[in-house]
Each structure stands twice: as structure tokens, then as C-alpha cells.
Amino acid sequence: RAGGGSAARGYLSKILSQLKTWLNTGEVQRLVVVVTGVETGQTLERWVFAVQAFAEGENAENAAPEAKTAAVKEITKQIQAIIRQITASVTFLPLLEEACAFDLLVYARKKADVPGTWEDSDPKYITNAQEVKLRSFTTSIHQVEAAVSYKADDV
């Protein structure tokens, strides 16, 4: 959906580096991938990954049991399952008939140190959107809930 040029790779590299730092420090609350029509400027799809970081030293009654005991193999299986579900979403998402661009929105805690080159953005909601909840997954340090909203075909 987005060009694979060096500008796109640089954009992703910068964002992913900062995102990794924020995930490691528990600053990320949500990551949103927005797909926008280039010609219309309309948000066509909005993929939301809500992230809950478990507090360091959090005790078992406050965290899901699997969060404390999940092995790398199990986490990998959970991530593979959500990737398969995202891939399978092509069966219900409307066909995107115009050239599209994407943007990444990171919702971080107010105390997060935001690089000066980053900009605030509106949430790019979709009016009268259809929403489908996707699988969630849990690691020893995060729980991630996923959903996609999309612009339904006009009838």
C-alpha cells in the first residue's frame, strides 16, 4: 500500500526505533496504523493495537497468569496467530480501489520524551466505521488488544 523506497524505509526505521524505546519503558498506550486514500484524503482503514504494559514487579493477582510464564515459543505462536488473522482480513475488508498511503500514530503517556521532529495528529477516525476486534496476545511485559475499523462500502 505504501511505496517501498528509501524514504519509506527511513521513516519506518526512525519510528520503530523510538517505538522500541517507548515499549521497553512502558510509555506506549496505543499504536495505530492509518490507511488513507491519496486522492480523497479519507481514512479508509484504522488498525489499532492497544498496549498495556505490566508494571515492573507487578504481582500475580494483577497480571494475567500467562503473562508471567509465557515462553518465547508461546509468544511467537501468539504473534503468528494475529498476523494470520490480519492477513485473512482481506476476506471482509472492502477492496481499496485508489492509491493509498499509510501513517503511524503512536499514543504515548504524557511524560514520554517526544522527539522534536514528531508532530501531533488528529486521530483520523472513520465516520460510521465498521469495527472488527482481532486476537489479543500477552507477553511477560505487555498485553496487546487489536482491532480494525474500516470505511464500509456505500450502499
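**Reading the core, strands and pocket**

Colleague: Which residues have the most contacts inside the largest nonpolar core?

Modeller: In this predicted model, the largest nonpolar core has 16 residues, and those with the most contacts inside it are Val 28, Trp 47, Phe 49, Ile 82, Leu 93, Val 144 and Ala 146. Helix H1 (6-25), strand S1 (28-37), strand S2 (43-53), S4 and strand S5 (142-150) each supply at least two residues of this core, and S5 gives the most, with four residues.

Colleague: What does Val 144 touch, if residues up to four places away in sequence are not counted?

Modeller: Val 144 touches Phe 49, Ala 50 and Val 51, and also Arg 135, Ser 136 and Phe 137.

Colleague: How should I read a strand such as S2, and in which sense does S2 pair with S1 and with S5?

Modeller: The general idea is that, in a regular strand, side chains alternate between the two faces of the sheet. In this structure, S2 pairs with S1 in the antiparallel sense over seven bridges, and S2 pairs with S5, also in the antiparallel sense, over nine bridges. As examples of partners, Leu 31 has Phe 49 in S2 as its bridge partner, while Ala 50 stands opposite Glu 145 in S5. S2 is mostly covered, with eight of its 11 residues buried.

Colleague: What happens between S1 and S2, and which phi does Gly 41 take there?

Modeller: The hairpin of S1 and S2 has five residues between the strands, and in this hairpin Gly 41 takes a positive phi near 75°.

Colleague: Is Lys 110 buried or exposed, and how do I decide?

Modeller: The general idea is to compare the relative accessible area with a cut-off, and a residue counts as exposed over 50%. Lys 110 has 87% relative accessibility, and therefore it counts as exposed. Lys 110 lies in the loop between strand S3 (100-108) and strand S4 (130-138). The C-alpha atoms of Lys 110 and Glu 27 are separated by 8.5 Å, although these two residues are 83 residues apart along the chain.

Colleague: What is the volume of the largest pocket, and which residues are the closest to its centre?

Modeller: The largest pocket has a volume of about 640 Å³, and of the 21 residues that line this pocket, the closest to its centre are Leu 104, Val 106, Trp 118, Glu 119 and Asp 120. H1 and S3 each supply at least two residues of the lining, and S3 gives the most, with six residues. Sorted by class, the lining of the largest pocket has 12 nonpolar, two polar and seven charged residues.

Note on methods: Residues are numbered from 1 along each chain as its sequence is written. This is a predicted model: local features need pLDDT of at least 70, side-chain atom pairs count only at pLDDT 80 or more; totals for chains, interfaces and linings use all residues. Side-chain values use heavy atoms; hydrogens and water are left out. Buried means under 20% relative accessible area, exposed over 50%, partly exposed in between (1.4 Å probe, protein chains only). A nonpolar core is a set of buried Ala, Val, Leu, Ile, Met, Phe, Trp, Tyr and Cys residues joined through side-chain atoms within 4.5 Å. Contact means heavy atoms within 4.5 Å. On a 1 Å grid over the protein atoms alone, a cavity is a set of points where a 1.4 Å probe fits but cannot get out, and a pocket is an open set with protein on both sides within 12 Å along at least five of seven lines; lining residues have an atom within 4 Å of a point. Grid points are joined across faces, edges and corners, and a volume is the space filled by probe spheres set on the points. Ala, Val, Leu, Ile, Met, Phe, Trp, Tyr, Cys and Pro count as nonpolar, Asp, Glu, Lys and Arg as charged, and the others, Gly among them, as polar. Two strands pair if DSSP finds at least two bridges between them.
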